Amino acid sequence: QVQLVESGGGLVQPGGSLRLSCAASGIIFRIYTMGWYRQAPGLQRELVATISSRGTTNYADSVKGRFTISRDNAKNTVYLQMNSLKPEDTAVYYCRIEGTASWGQGTQVTVSS
C-alpha cells in the first residue's frame, strides 16, 4: 500500500526557513516524479515544485529562488527547503506522487510574526 507522510511544518516568522520532508513507502520511489503542493484557506491547491526521477526540478514562479526541492532515493524521501518565507506562503503543504492519486496527509506551515 502506498503511503506518503509529510513532516516539518510549523510556525515561523517572516524571513525564516523551514524544511519539509515527505517519506514514501509502498512504491519504487526512485522511478517517480514527486511534487509538493500547497493549499491556503479558501483557495485551490496549487503546485509548488516537482522533481523528476533524474533530478530535474520545476518551480512555481511565486517560490523560485526561495524554495528548493530535492530527493534522497536511498531514504525514499523528498524534501522542500523553504527560505525567506512570507505570510502568503501560509498553507497546508502536501506531497504527491505525480501522475497518481497518491497524496500525503499534509503539514501546516504558518508564516506570521
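**Conventions**

The model is predicted, so local features need pLDDT of at least 70 and side-chain atom pairs count only at pLDDT 80 or more, whereas totals for chains, interfaces and linings use all residues. Residues are numbered from 1 along each chain as its sequence is written, and side-chain values use heavy atoms, with hydrogens and water left out.

**The whole chain**

The secondary structure consists of zero helices and 10 strands; here helices (H or I, at least four residues) and strands (E, at least two) are DSSP runs, numbered from the N terminus. Display the C-alpha trace next: along its principal axes it spans about 40 × 25 × 20 Å. A compact globule of 113 residues would have a radius of gyration near 13 Å, and the protein agrees with this at 13 Å. That radius is taken over C-alpha atoms, and the globule rule is 2.2 Å times the number of residues to the power 0.38.

The accessible surface comes to about 6000 Å², and 46% of it belongs to carbon and sulfur atoms, as computed by the Shrake-Rupley method with a 1.4 Å probe, where for residues only the protein chains shown count as cover. Of the 113 residues, 42% are buried. Buried means under 20% relative accessible area, exposed over 50%, and partly exposed in between (1.4 Å probe, protein chains only). Among contacts with a separation of 6 or more, 53% are between residues 24 or more positions apart; contact means heavy atoms within 4.5 Å.

**The six-stranded sheet**

Select the strands β2-β10-β9-β4-β5-β6, which in this order form an open sheet with mixed pairing. The strands at its edges are β2 (10–12) and β6 (57–59), each of which pairs on one side only. Neighbouring strands of this sheet are turned by 25 degrees against each other on average, direction ignored. Such angles run from 0 to 180 degrees between N-to-C directions, and the axes are lines fitted to C-alpha atoms, for helices over the stretch in contact. Two strands pair if DSSP finds at least two bridges between them.

On one pairing, β4 runs antiparallel to β5 (residues 46–51) over five bridges; Met-34 has Ile-51 as its bridge partner in β5. These two strands form a hairpin with six residues between them, and Gly-42 in the turn has a positive phi of about 80 degrees. In another pairing, six bridges join β4 to β9 in the antiparallel sense, and there Met-34 stands opposite Ile-97.

Continue to β9 (residues 91–97), which three bridges join to β10, again antiparallel. Val-92 has Gln-108 as its bridge partner in β10.

**Thr-107**

Centre the view on Thr-107 in β10 (residues 107–111). Thr-107 counts as buried because its relative accessibility is 10%. Its side chain reaches the backbone nitrogen of Gly-9 at 3.2 Å. Beyond its neighbours within four places in sequence, Thr-107 is in contact with residues including Glu-6, Leu-20 and Tyr-93.

**The four-stranded sheet**

Select β1-β3-β8-β7, an open sheet in that order with antiparallel pairing. At its edges stand β1 (3–7) and β7 (67–72); each has a single partner strand, so one side of each lacks a neighbour in the sheet. The twist averages 15 degrees from one strand to the next. Inspect β7 with β8 (residues 77–82), an antiparallel pair over six bridges; in β8, Met-82 is the bridge partner of Phe-67.

Within β7, pick Ser-70, which is partly exposed at 29% relative accessible area. Leaving aside its neighbours within four places in sequence, Ser-70 is in contact with Ile-51, Thr-77, Val-78 and Tyr-79. The C-alpha atoms of Ser-70 and Gly-55, 15 residues apart along the chain, are separated by 7.5 Å.

**Two loop residues**

Most residues other than glycine have a negative phi. Select Asn-76 in the loop between β7 and β8: it is not a glycine, yet it has a positive phi of about 50 degrees. Asn-76 is partly exposed, with a relative accessible area of 25%. Finish at Ser-84 in the loop between β8 and β9, also not a glycine, with a positive phi of about 50 degrees. Ser-84 is partly exposed at 42%.

Note on methods:
Polar contact = N/O pair within 3.5 Å; in protein donor to acceptor, adjacent residues only side chain to side chain.
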